[in-house]
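Thank you all for coming; please have a look at the chain on the screen before I go through it.

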Amino acid sequence: MPIQPTATPTTTATASTAATTPASAATKSALGKDDFLKILVGQMKNQDPMSPSGDKDFIAQMAQFSMLEQITNLTKATEELTERTSMSQMVGLMGKTVTYEDAGGAPVTGTVDGVDVAASGAPSISVAGHAGIDPTAVRQVR
C-alpha cells in the first residue's frame, strides 16, 4: 500500500485516533499486523517536522502493534489446539459403539473402526465399514 505525497501539510494522528484505528481494523479482519506496521511507518514518514508526535504516542502505537501480534499468535495457537483436540476425540471413539444420524435423519448404530482426515483437515469417522461420517452426527457413544 504505497503512500502518495500530498500538496497539503500532513498532520499527525492523536493518541486517541491511533488507539481506535488498530482495534477496529483487527475486528474487521481487513487489516493485519503488516498493514498496521505500514500505516505506522507511513505516519512517521509524513509527520510534520515542526510538530512531531511525542515519544508517548509512538510507544503507545508500538505497544498496540505488539498486542496485535500477540493476539494473532494466540488465535493461531488456539486454532491448532482445537484441531488436535478434535482429532484426539475422534481417536478416542475407536472401538466404541456409536449411534449417529444418517443423511435421512434415521439413527444408525455401529462400531467405529476408523478415523479419516480430509485434505482440509476435517476429520470423519468410519462406522461398521461406512466411511465419511461427520462426527457431529454422532448422538450416542457406548
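This is a predicted model: local features need pLDDT of at least 70, side-chain atom pairs count only at pLDDT 80 or more; totals for chains, interfaces and linings use all residues.

What share of the contacts in the chain with a separation of 6 or more comes from residues 24 or more positions apart? The answer is 50%, where contact means heavy atoms within 4.5 Å. Residues are numbered from 1 along each chain as its sequence is written, and side-chain values use heavy atoms, with hydrogens and water left out.

The chain has three helices and five strands, in the order α-α-α-β-β-β-β-β from the N terminus; these are DSSP runs, numbered from the N terminus, with at least four residues of H or I for a helix and at least two of E for a strand. Of the 142 residues, 19% are buried, that is, under 20% relative accessible area with a 1.4 Å probe and protein chains only, whereas exposed means over 50%.

Let me turn to helix H2, residues 33-45. Phe 36, Leu 40 and Gly 42 are buried there, and, seen down the axis, the buried residues of H2 fall within an arc of 165 degrees (taken from the directions from the helix axis to the C-beta atoms), so they line one face of the helix. On the other side of H2, Asp 34 and Lys 45 are exposed.

Finally, Ser 126 lies in strand S3, residues 123-127, and is buried, at a relative accessible area of 10%. Leaving aside residues up to four places away in sequence, Ser 126 touches Thr 111, Val 112, Asp 113, Gly 114 and Ala 131.

Conventions. The expected span of a helix is 1.5 Å times one less than its number of residues.
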